[in-house]
Structures are given as structure tokens and as C-alpha cells.
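Biologist: Could you walk me through this model slowly, as I am new to reading structures?

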Amino acid sequence: MAPAARLTLDPSFRIGPVEPRLFGSFVEHMGRSVYTGVFEPGHPLADADGFRADVLELTRELGVTVVRYPGGNFVSNYRWEDGVGPVADRPARLDLAWRSREDNSFGLNEFMTWAAKAGVEPMMALNLGTRGVAEALELVEYANYPGGTRLSELRRAHGVDKPHDIRLWCLGNELDGPWQMGHKTAGEYGRLAAETARALKRFDPALSLVACGSSNSGMPTFGAWEAEVLEATYDMVDYISLHAYYDPSDGDADSFLASAADMDHMIGSIVATADHVGAKLRDRKQIKLSFDEWNVWYQSRFHGESSLEWSEHPRLIEDSYDVTDAVVVGSLLITLLRNADRVGVACQAQLANVIAPIMTEPGGPAWRQTIFHPFALTARYARGEVLRVEPECRTISTAKYGEVPAIWATATHDPDSGELTLFAVNRDRHGPCAMEIELPAGTRVVEHLELADQDASARNTASAPDRVVPRPGAGLALDGRRATLALPPVSWTIVRFAPLTARSAP
Ligand code: AHR
């Protein structure tokens, strides 16, 4: 059969290094992300700190590298001081973002202990909605200053002797959104972000700072917001943020499967906007992108914050993901890697229960959703340098994004081990795609796995947690420098290649 798709894997076609921070996640005080998600004292598997050991184990398996905390919308009305010190003294508060009662039994120091156990870097969001420069500086002093000042000594009195030394800070969250507590215009936010960044860089010039971009690409000020904010903050921030959620619920499966085309276009638009500002300011510094909220979210099933009844860690947006959703998540990860020269941080939103790869039952089990698998395998095997991969293949017509290539792919090359890894999706719902891959001479196949199913709507549940798992792919043939395989319809595939002769250790 003649191949329907062709691509070349060449280690000299380098885009940039695989940035470990691309495999980030997000823990927000929202629904059951924290409470009964990562933290459940009294659960049979809770450790001495009240963290669920099963969730910690799955977090490590997922390969998460950095975790954004504590929000999200939650942070814009949050007082970090409420979440530190003796738990009995912490006040209960109203969380206006999610109309929830927050008892503050989990806060900064608990999160940092959890992050150390999970082996992840913290990415801390500051409240620039209802608060400002002074409170941001106080939090940084509490968290990062060694000792001898009021707030650093307060931290030590709270049992944390050494500073947390948090390197990555978000200057607020989605402040362009009218749903945000303390919503601002681009001018108001740009000024506040600049003043906060200036103060934080005076405290420690090596902190990495993320300015808020638009909440999504459909915002009326998308593009203009980023330009105005970056004009105010360019020399003081390192990243501009992007957020995007893709909703399968309108039944347009071809457009949904092509969501990566939208993410790719969005990244290109913000790169162009940031570089335009750099050119105007005659500044050669390159702003990086922090795609710090992305995922599939059945958003139209959520009727808005105002529809929520006041409650305590309710079941909020606990979407159950199917095979198609996992293929889309795999394609979004491919897009992040394809843009590794400009995207420096990315966080899938969220980690547990709330639109999450990990689900839990209070007092019960934890399991992997379908979307867990492409994330875990990409985080594990994307190593070294991202390679430019441009499949030649047919296109699919979509209502939302026009013609998109049926195959979406990327690859990485690890110069130390010589391993070449291909990540590819077939977005075609109607049939397999025969693919031919041209490889460097002297290559062997290490592993070929795919996520696909006769039933693209199959899901994992508490009672059938492994209904959908990656399985060894069939029919991959290697003949000299040419590999052939067939990608099933609606599938995500990983193929690992290595040099025939093992590299000797340096
Ligand atoms: O991840 C859920 C919510 O989506 C976050 O709180 C907010 O930042 C975004 O709108």
C-alpha cells in the first residue's frame, strides 16, 4: 500500500532543547483538587502530613515537573497569610471564585511539603486582583528570605527553617476576565504588574516572572492586551501567559480533533505580539511563553460561577475523559514541543479531580484517566532536543480551523543516548493512515505504543480503571533507513528508536 504520510527524522533539524518545565500541572483551591485530591487526612493511604500516597505516586508516574498553585481564579481573592501557622488558628473564608468555604487547612507550607514529596518545582501565583505590591513582597519575604526579618522569622516560627526559595512566580491570574475578582484593564494591570515585578526583581533579580496574557484567544482584547501589558513590563518579566481549553461538547469531532491547530496559531500570534513589542522598544530580549493552563474541558456543561451553591470542596468540573480526548491531549503536547524554542513553561490544568488526569474518590481509590497516558509517556520520553518534523500527508476539512493535516507529529533526539522518539496523532476518524518514516542509518526500534480503541468514547472509571491504556502497536516494519507503520483512526502513537550500536558511557 502506498504511504499516505511521509516524514523524516533527522537529528540535525533542531528546534531547541526539551524544556522540563513543559510538563507542568496545576493544583488550585477549587472543587476537589486540593481537598480529597492531593490532601485527605484520614484517608487510609494518607501519609503523616495528610497527603494521599496514591496520588503522590501517580503524580510521580505522570512525570509532572512543575506545579502551579494556588490558582487560578481562586488566587485573585486569596490571603496567603490565612494558610500558614497553626491550623487551629487559621480562619475559614469565603472563596468568591468558586463560591466555596475555604478552611485554609492546606496552605503554602503544606503545598511546599507536598511538592518536595512529589519531586516537582513550585510555580506560585500572586494575588494581583484584590491585593498589590506590598502583599506580594510580603509573601516573597516569608517564602524566600533566610531569616532575621519579621516575615522570615514568622516562617521559621511556623516550623520551616530554610527558605523555600521559590523561583517561578505568576503576576496574578486572568485579570482581563470580568469574572475575576479585581478584574482590570490592560493599562491598570500592566502598571500593577510592572510595579510588582520591579519590587520582586529588587528583592531577587534571578526570580522568573510571568505576566498575565489573555484568558483565552476569544477575548475581545486578545493580542491588544498582551501588547499593552508587555509594553509596560517588557524589561522586568520573563514570560507572558497563555490559557486555552478545548471543548468537545458541541459534537463537531473533526474540529475538536484539530484543536492543536488552534493552539499552534495562538502560540504564533503571541510570539509575534511579544516580538513586535520588543522591536518597538528596541529591546533584543526575547519574551518566552508560559502556557500555564491548557486542557480539554467540557466547558459548556459548566453553568458559571454564579450558578454554584455555597459549599465546601464540591465536585466541580470533574470531567470524565474518553479516547478522543486523550488523542487531543497528546496532540496539544506535540504542539507545545513543536514550539519549544518559545514556550518555556506549560501546565496542564489541573492535576487531580478538576479536569484532571488523576481521579480520586474520598476515602476510596485513585485512578488514571485516559488523558494521563499521553502526558506520562511524553514527559518520560521527550528528551534532549526537539526536532523539526513536517509530515507530508492529506488534510482534513474542519468547520473551525479550515484544512488541517491528518497527521500531527513531533520528535525528540537525545544526544547522550542517541535515542530518537516520534510522537504522532492520526486525527482522521474514518480510517488508518499508512506512514513512512525516513531515519538515520543504523537505527533499531525500541518500542512502539499506541493509544486507540474501536470505541473512541471508551473511558476509565473507578471500577474499570484500565479500560483504556497504551498498548503495543502492531505492524511496524523497519527496512534499512525506512520504517513503515499504520496509525489507527483517532490515535496517539509513540515510537522509540535507538542506534544499533549502543553508545558507550562518557
Ligand atoms: O482551571 C480552571 C479555571 O480556568 C482557573 O481557575 C482559571 O484561571 C481558568 O479560567
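Modeller: Let us start at the ligand, where one of its oxygen atoms is 2.7 Å from an N or O atom in the side chain of Glu 293, and a polar contact here means a pair of N or O atoms within 3.5 Å; within protein, one must be able to donate a hydrogen and the other to accept it, and residues adjacent in sequence count only if both atoms are side-chain atoms.

Biologist: How much of the ligand's 280 Å² does the protein bury?

Modeller: Taken alone the ligand exposes 280 Å², and the protein buries 95% of that, with accessible areas coming from the Shrake-Rupley method with a 1.4 Å probe (for residues, only the protein chains shown count as cover).

Biologist: Before I go on, what kind of model is this?

Modeller: This is a predicted model, in which local features need pLDDT of at least 70 and side-chain atom pairs count only at pLDDT 80 or more, while totals for chains, interfaces and linings use all residues. Residues are numbered from 1 along each chain as its sequence is written, and side-chain values use heavy atoms, with hydrogens and water left out.

Biologist: Which residues are around the ligand?

Modeller: Among them are Phe 26, Trp 98, Gly 72, Glu 174, Tyr 245, Glu 293 and Gln 350, where a residue counts as near if one of its heavy atoms lies within 4 Å of the molecule. By class, this shell has five nonpolar, four polar and three charged residues; Ala, Val, Leu, Ile, Met, Phe, Trp, Tyr, Cys and Pro count as nonpolar, Asp, Glu, Lys and Arg as charged, and the others, Gly among them, as polar.

Biologist: How far is Tyr 245 from the ligand?

Modeller: A polar side-chain atom of Tyr 245 lies 2.8 Å from an oxygen atom of the ligand, and the side chain of Glu 174 has an N or O atom 2.8 Å from a ligand oxygen.

Biologist: Where does Glu 174 lie?

Modeller: Glu 174 lies in the loop between strand S8 (168-171) and helix H5 (186-203), and its phi is near 40°, a positive value in a residue other than glycine. Helices (H or I, at least four residues) and strands (E, at least two) are DSSP runs, numbered from the N terminus.

Biologist: What kind of peptide bond joins Ala 349 and Gln 350?

Modeller: That bond is cis, with omega about 0°, and Gln 350 is in the loop between strand S12 (343-348) and strand S13 (358-360). Another cis peptide bond joins Gly 71 and Gly 72, with omega about 20°, and Gly 72 is found in the loop between strand S4 (66-69) and strand S5 (93-95).

Biologist: Changing topic, in what order do the five strands of the open sheet come?

Modeller: The order is S16-S1-S21-S25-S24, and the pairing is mixed; two strands pair if DSSP finds at least two bridges between them. Strand S16 (392-393) and strand S24 (477-479) stand at the edges, each with a single partner strand, so one side of each has no neighbour in the sheet.
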